[in-house]
Amino acid sequence: MQPVPPALSAEQIREANTRYHDVAAGHYDSKWGIDFGELGQSQVSAKLRKALGREPARFQSSLEIGAGTGYFTLNLLRAGLIDSASASDISAGMLETLGANAARLGLSVSTHEADAEELPFADSSFDLVFGHAVLHHIPDLPRAFAEFVRVLRPGGTLVFAGEPSRYGDRLAGLPKAFGRGLAPLWRVAIGAASAPASVDGAAQGELEAVVDVHAFAPAELQRLAREAGLGEVRVSGEELLANWFGWTNRTLETTADPEQVPWAWRVYAHRGYLALQEVDRRLLESRLPAALFYNLLLAARKPGAPAHAT
Ligand SMILES: C[S@@+](CC[C@H](N)C(=O)[O-])C[C@H]1O[C@@H](n2cnc3c(N)ncnc32)[C@H](O)[C@@H]1O
């Protein structure tokens with residue numbers, strides 16, 4: 001794991017994460033194209049299937065760590081893969097958006113403002129503990145994993161997806177640099193002005209550099225799970241071409257006035273990303289080492305009697 005930058009304490013990192021995500025909460029779903037329809041449900045079901053290496057059973061009770069606006073929990077509920085859902089996050093702003101999304105979709109979720117390293121739940125409370133794109137924000141991972149294991153029932157399942165791999169993260173530097181170089185020409189081609197400078201944007205940019213504290217080698221995730229006492233540990237990788245395409249486009253888009261980016265471009269970027277995700281899934285993910293992909297997935301099981309899966 002990349003070490004926590006020495007200039008910042010764990011407390012400062014948690015505080016930066018809270019502030020950054022509180023501000024991001026209002027526009028998070030549109031920024032990341034988060035979907036709660038069939039597409040979102042099929043994406044999260046596919047990630048769960050990939051992480052576990054089999055069709056997921058239905059879980060009676062789940063806890064999401066760093067649930068954000070509800071991408072995973074709400075889609076898993078809609079897909080019928082969990083019965084009763086709890087969602088935790090360090091950011092009250094994110095949980096507020098999650099609550100509004102749940103209400104709009106007619107779903108019931110209990111929300112808890114909590115640090116992953118100090119969960120406000122009794123031992124052995126959940127059949128499934130999971131998260132998406134959150135481990136890389138947590139300063140003390142052994143402490144957080146000890147909490148995940150504590151609140152899991154014996155036989156329960158742990159799944160994390162969307163964690164940046166160290167090589168994948170480095171490789172993603174290439175499309176980002178390519179996007180930055182191409183940006184002036186691209187803005188002329190689509191007829192958009194440069195992004196207006198904003199004080200909020202600059203502050204968020206500074207925080208962004210602080211909130212991501214880890215990128216992982218697959219063996220490091222394996223070790224964290226094993227050292228926490230988990231068994232049946234499995235790490236896999238996803239998204240390579242899709243990611244290069246996605247980072248190029250995202251870098252281009254951040255340089256332009258969002259009001260002036262044509263709808264047709266957004267449709268092209270979205271559809272292209274989905275098509276390349278499919279190419280990655282069908283051709284590359286089963287053939288290349290997990291370390292090369294941008295995202296890592298981790299699945300493990302707490303030893304003991306089987307969870308209450310139906
Ligand atoms: C990149 S977002 C992912 C959100 C959501 N899981 C998704 O996939 O859309 C990371 C989330 O982790 C939360 N987070 C960051 N540090 C945390 C911590 N120490 N404990 C709990 N949640 C944390 C943030 O507030 C944010 O909502």
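Student: How much accessible surface does the protein have, and what share belongs to carbon and sulfur atoms?
Tutor: In this predicted model, the accessible surface of the protein comes to about 14200 Å², and carbon and sulfur atoms hold 56% of that area.

Student: And how many of the residues count as buried?
Tutor: The protein has 310 residues, and 50% of them count as buried.

Student: What about the radius of gyration, what would a compact globule have?
Tutor: A compact globule with 310 residues would have a radius of gyration near 19 Å, and the protein has 19 Å, which agrees. Taken along the principal axes, the box that the C-alpha atoms fill is roughly 60 × 45 × 40 Å.

Student: How many helices and strands are there?
Tutor: The protein has 12 helices and seven strands. If you look at contacts with a separation of 6 or more, 84% of them are accounted for by residues 24 or more positions apart.

Student: Which residues of H4 are the buried ones?
Tutor: They are Tyr71, Phe72, Thr73, Leu74, Asn75, Leu76 and Leu77.

Student: New topic: where does Ala161 lie, and is it buried or exposed?
Tutor: Ala161 lies in strand S5, which spans residues 152-164, and Ala161 is buried because its relative accessible area is 1%, where under 20% counts as buried.

Student: What is Ala161 in contact with?
Tutor: If we leave aside its neighbours within four places in sequence, Ala161 is in contact with Lys47, Gly131, His132, Ala133, Leu296 and Leu297. As for Pro142, it is 19 residues from Ala161 in sequence, and their C-alpha atoms are 17 Å apart in space.

Student: Which residues do ring pairs link into a cluster?
Tutor: Ring pairs link Trp186, Phe245, Trp265 and Tyr268 into a cluster.

Conventions: Residues are numbered from 1 along each chain as its sequence is written. This is a predicted model: local features need pLDDT of at least 70, side-chain atom pairs count only at pLDDT 80 or more; totals for chains, interfaces and linings use all residues. Side-chain values use heavy atoms; hydrogens and water are left out. Helices (H or I, at least four residues) and strands (E, at least two) are DSSP runs, numbered from the N terminus. The radius of gyration is taken over C-alpha atoms; the globule rule is 2.2 Å times the number of residues to the power 0.38. Buried means under 20% relative accessible area, exposed over 50%, partly exposed in between (1.4 Å probe, protein chains only). Contact means heavy atoms within 4.5 Å. Accessible areas come from the Shrake-Rupley method with a 1.4 Å probe; for residues, only the protein chains shown count as cover. Rings of Phe, Tyr and Trp (its six-membered ring) pair if their centres lie within 6.5 Å; planes under 30 degrees apart count as stacked, over 60 as edge-to-face and the rest as tilted.
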